Amino acid sequence: MKKEYLIKRGIYYIIIWFVGISIDFILPRLIPGSVLGTIIYGRIGAAASAYGNNVQQEIEILVQQLGLSQYYHTPLYIQYFDFLKDIIQLNFGPSLLEFPVPVSQIIEEAAPWTFAIVIPAVVGAFFIGNILGRTAALSRGGIKDYLIVGGTMFLYTFPVFVTGEILIEFLAVDAHIFPLGSQYNTFKFIRPEFSLPFIWSVVYHAMLPVITLIAFSLAGWVMGMRNNMIPILQEDYMNYYRLMGVPEKQVSQKAYRLALLPNFTSFSIALGYSVLGAIAIELLFNYAGLGYFFNEAITALDYPLLNGIFFMLVTAMVLSNFVADIVYGMIDPRTSHEETEGV
Amino acid sequence: MGVSRTKQRERRFRINVDKQSAFYSLLQGIWEQRISRVGLYLLLGIIVFCTIGVFYTPYNPNQTSFPRDLPPSFQHLLGTTDYGQDVFSQLLVGGFPVIAVGILTGLIGTFIAILVGITAGLYADTIVDRILSGITQIFLIIPGILIIELIGAYLGAISIKLGYFVILGALSATGWAWGARVLRSLVLSTRRKEYILSSELIGESKMNVIFQQIIPNNLPFIASNFFFTAIYGIAGLTFIYYFGLGSLTQVNWGTMLYWSLGGEAYLRGLWWWYVPPGLMIGLVALSFALINRGIDRVANPKLREWNIKKYYKQIKENNGDNGDGTGNIS
Amino acid sequence: MVIMVTEPAISVRGLRVGYISDSGLTTVLRNVTIDIPSNKITGIAGESGSGKSTLASAIMKFINPPMLVESGSIIVDGKYDVLSMDNEQVNEIRGKLISFVPQAAQNSLNPIRKVKEIFFDVLKSRGMDYYSNINVIYRALEDVGFSDKQVLDMYPFQLSGGMRQRVVIAVSLILDPRIVIMDEPTTGLDVVVQHEILKLIKRLQKEKSLSLLIISHDIAMLFQISDYIAVMYGGQVLEYGSYETLLEDAYNPYTYLLLHSVPTITSRGKKLPRIPGDFEGFGRYPKGCVFSSRCPFATDTCREVPPEKVSYDQYGFYICSRYPEWKKEVKKIYE
Amino acid sequence: MSKLIELIHVYKDFIVRTGLLRKEHRPGIWDVNMEIRENEIVGMVGGSGGGKTVIAWMIVGLLKPTKGSIMYYPMGLDVTKMSKKELRRYRADVNLVFQDPYSSLDPTHTVKWHIERPLKLYKYNGDIEERVVELLKEVSLSPPEEFLYKYPFQLSGGQRQRVYLARVLALNPKVLVADEPVSNVDASIRASLLELFKRLRDEKGISIMYITHDIATIGYVADRVYVVKQGRIVEEGDVERVITNPQNEYTKLLTKVVPNPYTRID
């Protein structure tokens, strides 16, 4: 039963994934080809003299990939199949911004840096948020509850990049506690290698972005935990524990565990989506992850790069939802019900 | 008898507030919770502030003739920008479009959510439902804001920046999915309720069931969805401006943030340039979120809190003269 | 059979309990005074809004907002004044001395725990180990009629309603309590299963000589199983006594009416007495007798003056100022 | 007495999903033959999960049987083959009373709304408000004016069930299918509700199918009875006979286990 459910969900997510990446295919084809062509030629023009004939070839491939094939008269469905073939091989063409570096190489280099701030941020927010949410639920209506809920909600509604700006101005520019930006200290000539100073430098530089991301995403966990836990604390089965003389501490521990189930499911989803948060702040921190390049791609109209990052994001989001379904099936015994139809 | 007759007559001819109706109890729920009342006051304050900005500003917000980068003073309450503009005047003027886009996104997004969610719920397990739910899922999994950014980036190729109406349309078109999904499941559970079946048996049309029963019974969720979508609208708007995709011809909190970012205000200690608009956007969204908490408690009475100490005091005070059996302390 | 124990298992004195709402405090239980005998089954009968579940919660000292105890005392087992004990002390006796089988046992088991884990949770809270007490658990399961141990590895949602009820009874009895309160133990069960559970309850009570307090709206069921019965209405105990007394010679008209208005298998063709009206709720509480607004025998005195409580033996009492006159007018209510 | 409704060899399967594409049919209702005659209260009794509600829902057309037909003789039509329009007319004649009065009334609407709607839908000509008051009187809610603007949560279970009856009676039905109408209602109200059913039969000539798990109330109120066990009719006949001299083991069991204050459990 469970296996079949997962296969069904899997097919479902593959369809959604196709729809997602098809947006990637459709959008450039809605823009008049000559315009895009002009931009591409404009961007790469400078490089042309340096690389000679190669460039012409590159441009032709690129123009074809972006669907500017009015020049080539290829039918749309063949374009689509070519597009899919390219994408499955992770071949997005060269970046216009850093011509002729392939987009896949940029993504390959940038993605680890994004993970370096996103994973600690999600894990940190998950732990802190759940514990704060539990505290709020247990002291419901009390001063702690108001402070936690009000505080995290304020941090959530505050535009995340403004939070980042404030932290940079006061903690980095004024107080010199944290570095201004980038992934590691480039001034001290630390080389990217597996050494203690380098690792420390990376951790130290990641701190402020991670704090910013945590501040932003705390409210989701706090509210999730609090609103799950309060009704559970009053459920009949929790009251039954109390009536059997189980101390309140153990009862709330059990309620916490039950309330954690949906949050566990959201964990993988959060992992997929927090890349979005990274997009919003990496530019501020001059942190060369996916978000940084996404910003650059938008301002510099680097469409191959934009395509590549969008593809990565869609894949991450679809995957994280699928993982969430798997996790949910594993941790909650109630999901393995038989479904009855008809009545 | 006579008294009740006149009461009925009054009911017929006066606009009366039915104190038990779903809408009234929702308003009451918001008003009774301290936290959502704070949100209401906050929103009211901000709206008054922005309305003043429509009619009066100390200086022309577009004027660039002031000395640059002045810190806050009595002449310039919030200092000046790197381009020599008065921040306070810009703040006064720049709120109205942001709040309007937020609220309108909430309204339109909720309307679409109702349309899609209820239709899918009522025709559950048919082809209509499959298609609508599929579209909903796509919008849920692939964040609308990302698609808007992509579209905005391509539009940038033909030098089109997003104006207020395009932003509003794009945000409304992408912000309804969550509400639609929850509404669908709410409709599914409401539809199984016996009072809906009863209406079906009595011969009510589907439209009547939707408007007279399903919507009023799910009113708290719909209201809460409105505020939720409005928060999305405001956040989305700031993101669009942050990436420079929005039209920069008018002054609003979004463009203020964009220019301050471009001027690297945060690296140069010009906090008065970017903190005020950021704070205002945060406060608007916060007020929506606070109001939402009051609605939450109407929908889910288990989230309610009781102040027990107050009542203990009352009992102690009344203990002496409470022997008459009425027992009601009010 | 144990010879008459004079010490009551539970002794409630002048209990007033209310609920907080937006309009203030509404008192639900009004001066409830009742002794529950040891080693017997006592039934508390009452309709919705009679305050019977509130009484049960108060005895367990399970008092959560918006519920609020105004005054009164509850003595359990002659020495525990539960209302003045703190939570730790109460937890000490809950489950061990006085146990509870909750209403709607359907929803009383933690949905993500297997049955054995629920036993484990309860034992752990007493510092007892699951595995060294496995025989105790097996015996408890046998007691409630599970011959194989498969049920231990099942989740609550995999059990039928009757099985769940048995599991809850087994869990409630695992710490060997002497006093057990059962809140609507058969509601929501199939009629046949209900009968089996009742037989099971009766058997367990005899074997373990439990003091059992059963709360139910089903008066016919209570008369089948209880030794003593208290009839509650509008937050007061109108009558209390042995089931024979109440069955044959009720003192309060409400008891009589309730008992006789329930159709039985033999009541075909007979006319049943009617209780006019509805309970008016705690907001509009009558000045005099609680039942006076619906009582067919009520006089103006009944409506104005609260009736005195009349005790006639160690446990039995009634509240009615028109006894025994109303008995002569009984015929009237059948017309 | 002539037949109004007849169930002829009715079967109903439940579909249980056992896999991605696999569905299993499990028999729910098996070869049920039943009739509701003019001017009678016919009982249906059985344990929970026996399919009583399924039969009730099939009679009012909320569920379709897998096999068999349900004839409605005054219209001369098969309920399972009715068009939407015919079904609407049919339901004015044959309607359902639900078990739980706490969920059969819409919490966001007043008593008046509940009774007004059917009158408006079937274009009652006359003063609607007067008719509402009249209907409230018919179900002995007095004084009716006091109830008009009340919301369900301000009423007790018995009052709600009466309001619901008034709502159904506004359609002038010929048959009421009452699915456990008194089991969620206080005991002191139960007898008077049952009396109300008898009065509806005697004064308005409404036939009632009374469904319950409680064979005792069947004995009190019904004329004929069907005993249902796991989707099959195991015994049927005159109530007098079935109760005093049950033939089937299950009926015997039901009469034995029904709560009766005069028989002790030892």
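A salt bridge, for today, is a side-chain nitrogen of Lys or Arg within 4 Å of a carboxyl oxygen of Asp or Glu. And between chain B and chain A the count of those is 0.

Quick housekeeping. This is a predicted model, where local features need pLDDT of at least 70 and side-chain atom pairs count only at pLDDT 80 or more, while totals for chains, interfaces and linings use all residues. Residues are numbered from 1 along each chain as its sequence is written, chains are lettered from A in the order in which they are written, and side-chain values use heavy atoms, with hydrogens and water left out.

OK, the interface. About 4,900 Å² is buried between chain B and chain A, and carbon and sulfur atoms give 74% of that; buried area is the accessible area (1.4 Å probe) that two parts lose on being put together, summed over both. Chain A puts in 63 residues and chain B 53, with contact meaning heavy atoms within 4.5 Å.

What about polar contacts? We get 9 residue pairs, both at pLDDT 80 or more. That's N or O atoms within 3.5 Å; within protein, one must be able to donate a hydrogen and the other to accept it, and residues adjacent in sequence count only if both atoms are side-chain atoms.

On the chain B side, the elements giving two or more residues are α5 (127–141), α6 (144–157), α11 (219–242), α12 (253–262) and α13 (271–299). Helices here are DSSP runs (H or I, at least four residues), numbered from the N terminus. The largest share, 14 residues, comes from α13(B).
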